[in-house]
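Please read the notes below with the structure open beside you. They are written as numbered points, each on one part of the model.

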Amino acid sequence: MKSKDLIRFAASAIAAHPMRSALTSLGVVIGVAAVVMMTSIGLGAQQRVMSAISGLGSNLIIVSPAASRSGFAAQAAGSDISITGADAEAIAKQVEGVAAVAPTVRGQAQLAAEGTNWNSRIEGVTPDYLVARDLTIGQGRMFDDREARQGRTVAVIGTTVARELFGEADPLGKRIRVGSSPFQVVGVLTSKGQSGFGQDQDDIVLGPLPAVRSRVVGRRVKGDTVQTIYIKAASEDDLSRVQEDATTLLRERHRIREGEDDDFQAQNMASILQASQAATATFTILLAAVAAVSLVVGGVGIMNIMLVAVTERTREIGLRMAVGAKRSDILIQFALESVALSLAGGILGLLIGIGGALLIAKLGSWPMAIPSWAAPLSLGFSMAVGLVFGAYPSWQASRLDPIEALRRE
Amino acid sequence: MIAFRDLKKTYQMGDETVAALAGVSLSFPRGSYLAITGPSGSGKSTLMNILGGLDRPTSGQYLFEDEDVSHLDDDGLAHFRNQRIGFVFQSFQLLPRYSALQNVELPMVYAGIEVKERRERAAEMLAKVGLADRRHHRPTQMSGGQQQRVAIARSLANNPDLLLADEPTGALDSSTGKDVMALFEQLNSEGLTVILVTHDANVAARARRRVGFRDGLIVSDEGAKS
Ligand SMILES: Nc1ncnc2c1ncn2[C@@H]1O[C@H](COP(=O)(O)OP(=O)(O)OP(=O)(O)O)[C@@H](O)[C@H]1O
Ligand SMILES: [Mg+2]
C-alpha cells in the first residue's frame with residue numbers, strides 16, 4: 001500500500017475525535033511550550049549578561065568595596081568605602097602587566113544647559129578610564145591628567161546627553177550645570193548604545209575625579225575613597241595574575257591579616273563569565289529534567305489513548321486484515337497516528353512557546369532569543385515521544401488475530 | 001481448481017481437545033457454487049476462515065489453483081486474502097467512519113491501487129450492486145440490505161477468484177435476503193466461484209452443490225456432477 005494512504009488513514013482517525021485528540025496532545029503541547037519558553041528566557045538572560053559583561057571592556061578587573069559593606073546605606077554613610085585613589089595609584093605602579101587603572105566615583109545628577117534639563121549619571125574618572133572601559137572620543141578630546149589634578153571642571157559627555165541638552169547644536173565648549181556646579185564640555189564619547197543590562201551607555205557625563213568628588217558626589221564619598229577601581233590587564237594571559245597581584249597588594253595596603261576576609265572585592269570578566277556559565281549549565285540541566293518529565297507525561301497520555309483506540313477499533317483492525325492489510329500496515333497506521341498526535345502537540349507547543357517568549361520579551365524589555373535548535377529539537381523530541389509511546393499500542397494492534405478481532409463487539 | 005485434503009483444526013481447551021474440523025476434504029473447479037449447511041458448531045465458519053486465509057489449519061493441505069496456501073506466512077496470507085478472496089460476513093463489517101465508496105475502496109488501498117483508479121472501480125462495483133446513488137452514505141445511513149450490498153461490492157473490489165459468504169443473509173429479512181442471494185447467483189453466473197454458508201434450506205437448495213457438515217466432518221455432498 002502507499003504511504004500517503006497510511007497518512008490519510010491516520011489523519012482521518014485523529015479527525016474522527018477532534019476533542020479527544022486535542023486533549024491527548026495537550027501534555028506534549030504544554031511540555032514543549034514550557035521548554036521553548038524557558039530556554040528562550042534563559043538564553044535571553046544569558047545574552048544579556050554576556051553583553052553586559054563584555055560591555056564592561058575586555059580584560060577588565062573590577063575592584064569594588066566588599067559586597068557586604070557596599071550596600072546603599074553604607075555608601076551613603078561614606079564610612080565603609082574601603083578603596084582609595086591611592087590604592088589605584090599603587091596598583092598602577094607596582095603591579096606588572098597593567099594597561100590602565102581607573103579609580104571612579106559616580107553619582108546621579110541633574111544637568112542643565114541653555115534652559116534644558118536632563119538627569120544623568122556622572123562619573124568622576126581619570127583619563128585612563130577610556131582605555132579601561134574601551135571607550136573612545138567621537139568629538140573633541142578627553143581631559144588630561146593635569147586638568148584633573150588642577151580640579152578643572154571640564155566634562156566629556158555621552159551622545160544621549162549631548163542630544164538631550166543641545167539637540168543638533170555642537171556641544172563642544174558649551175557650559176553645563178551638573179547639580180550646582182558648572183562644567184565645560186570638551187568632548188563627546190563615541191556612541192556605545194544600550195548595555196546588556198538595558199542601560200543607555202551614552203547617557204553619561206565623565207568629569208575629572210577630583211572635581212566630581214568635591215562638587216558632585218562629595219557628601220557621599222569622603223577623602224580619597226572611590227567606589228570602583230577598573231584595572232585593565234595588558235593581555236588576557238595577564239588577567240588572573242594581575243588580579244592576584246592586585247589583591248595581594250590591596251590586602252597589604254589595607255593591613256588585612258592572613259585568614260581575614262578581604263574588605264574589597266575583585267572580579268574579572270572571566271570569573272563573572274564562569275559564574276554565569278555555571279548558572280546557565282544548572283539551568284540547562286533543570287530544564288532538561290523538566291522537559292523529560294513533561295514529555296514522558298505527555299507520552300504516557302498518548303499511549304493511554306492509543307491503547308483505548310486499539311481496543312475500540314479491534315473490529316476495524318480485523319476487517320482491515322481480512323481485506324488484505326499486512327501486520328506491518330496496521331503497525332505503521334497506528335504508529336503514525338501516535339506520532340501525528342505527538343507532533344501536532346509539538347508544533348502547537350512550539351508556536352505557543354515562541355509566542356510566550358515574544359510576549360515576555362516585550363513586557364520585560366528582555367532581549368528576544370529563541371535558540372535556533374528550539375524548532376528541530378522540540379519537533380524531533382515530540383516525534384520520538386509519539387514513536388516510543390505509540391510503539392506498544394501499535395504493536396498490540398498489529399498482533400491481533402483477525403478472526404477474534406472481527407468477532408469482537 | 002481449489003482443493004483441500006484432510007483439513008483438521010483443533011483447539012486446546014484446558015485438558016480437552018476440541019476438533020472444530022476433524023479432517024475434511026473437497027475439491028471443486030472454478031465457477032462452482034457451493035452451499036454449506038450444518039448445525040451450529042459443526043465447523044462451517046472454521047472452514048470458511050481457513051479457505052479465506054484468515055486462519056491456518058492444524059494439519060492438512062489447502063491448494064488454491066497451484067498455490068499451497070497452508071504454507072504461507074502472515075504477509076503471504078494477507079496478500080492472498082487481498083488478491084484472491086472476497087469475504088462477505090453476516091454482520092457486514094463495514095467501517096462506520098467511512099462512506100460506502102471508501103469502504104469499497106479499502107481492499108484496493110491495500111493492493112496499492114491509485115486513488116483515481118480505485119474511486120472509479122469502487123463506484124463501478126457500487127453500481128453493480130445497485131447502490132450507485134448511495135456512494136457517499138455512511139453505513140449508519142443505510143438499511144441492512146444496502147449495507148450487505150456495500151460489503152459485497154467491497155468483496156468484489158480486487159476481482160477475487162473466490163467469494164466466501166458466511167451466513168450473508170443471517171441478519172436480513174427474507175425478502176432482502178432473496179435480493180442478496182440473487183446477487184450471488186448473478187455473480188456466479190458471470191464466472192465467480194462462490195461458497196456460502198447458510199441455515200436456510202431454500203437458499204441451499206438453489207446452489208448447484210450442497211455440502212453438509214456435522215461435528216467437524218462432511219456428512220453429505222450433493223450435486224457435485226451437475
Ligand atoms: N477460538 C476457538 N477456541 C475454541 N474453540 C473454538 C474456537 N473457534 C471455534 N471453536 C469451536 O469450534 C467449533 C466449530 O465452530 P464454528 O464457528 O466453525 O461453527 P459453525 O459451524 O460456524 O457454527 P454456527 O452455525 O453457529 O456459526 C465449535 O464447537 C466452536 O466452539
Ligand atoms: Mg459460523
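1. Glu236(A) lies in the loop that joins strand S9 (228–233) to helix H9 (239–253) of chain A, where helices (H or I, at least four residues) and strands (E, at least two) are DSSP runs numbered from the N terminus. With a relative accessible area of 61%, Glu236(A) is exposed; the words used here are buried for under 20% relative accessible area, exposed for over 50%, and partly exposed in between, with a 1.4 Å probe and protein chains only. Although Glu236(A) and Asn59(A) are 177 residues apart in sequence, their C-alpha atoms are 5.7 Å apart in space.

2. A word on the basis of these notes: this is a predicted model, in which local features need pLDDT of at least 70 and side-chain atom pairs count only at pLDDT 80 or more, while totals for chains, interfaces and linings use all residues. Residues are numbered from 1 along each chain as its sequence is written, chains are lettered from A and ligands numbered from 1 in the order in which they are written, and side-chain values use heavy atoms, with hydrogens and water left out.

3. Val36(A) is found in helix H2 (residues 18–55) of chain A, and at 3% relative accessibility Val36(A) counts as buried. Leaving aside neighbours within four places in sequence, Val36(A) is in contact (heavy atoms within 4.5 Å) with Leu350(A), Gly353(A), Ile354(A) and Ser378(A). The C-alpha atoms of Val36(A) and Ser294(A), which are 258 residues apart along the chain, are separated by 12 Å.

4. Two packed helices are described by the angle between their axes and the distance between the axes. For helix H12 (residues 327–363) and helix H13 (residues 374–398) of chain A, the axes come within 7 Å and cross at roughly 150 degrees; axes are lines fitted to C-alpha atoms, for helices over the stretch in contact, and angles run from 0 to 180 degrees between N-to-C directions. That angle makes H12(A) roughly antiparallel to H13(A), since angles under 35 degrees count as roughly parallel, over 145 as roughly antiparallel, 65 to 115 as roughly perpendicular and the rest as oblique. The residues of the contact between H12(A) and H13(A) divide into 17 nonpolar, nine polar and one charged, where Ala, Val, Leu, Ile, Met, Phe, Trp, Tyr, Cys and Pro count as nonpolar, Asp, Glu, Lys and Arg as charged, and the others, Gly among them, as polar.

5. Which residues bring H1(A) and H4(B) into contact? The axes of helix H1 (residues 3–16) of chain A and helix H4 (residues 115–128) of chain B come within 12 Å and cross at roughly 65 degrees, and the two helices are therefore roughly perpendicular to each other. The contact is made by Lys4(A), Asp5(A) and Arg8(A) of H1(A) together with Val115(B), Arg118(B) and Arg119(B) of H4(B). By class, this contact has one nonpolar, no polar and five charged residues.

6. In chain B, the axes of H3(B) and H4(B) come within 9 Å and cross at roughly 120 degrees, so that H3(B) and H4(B) are oblique to each other. Residues of H3(B) including Leu101(B), Val104(B) and Met108(B) meet residues of H4(B) including Arg118(B), Ala122(B) and Leu126(B). The contact of H3(B) with H4(B) has nine nonpolar, no polar and four charged residues.

7. Is Phe92(B) buried or exposed? Phe92(B) sits in the loop between strand S6 (85–88) and helix H3 (100–110) of chain B, and at 11% relative accessibility Phe92(B) counts as buried. Phe92(B) has a positive phi of about 65 degrees although it is not a glycine. Asp215(B), another residue other than glycine, has a positive phi near 50 degrees; Asp215(B) lies in the loop between strand S9 (209–214) and strand S10 (217–222) of chain B, and at 59% relative accessibility Asp215(B) counts as exposed.

8. In helix H7 (residues 159–166) of chain A, Thr160(A), Val161(A), Ala162(A), Leu165(A) and Phe166(A) are buried. What covers these buried residues includes strands S2 (98–113), S3 (116–125), S5 (154–157), S6 (175–178) and S8 (204–208) of chain A. Just after H7(A), Gly167(A) takes a positive phi of about 60 degrees.
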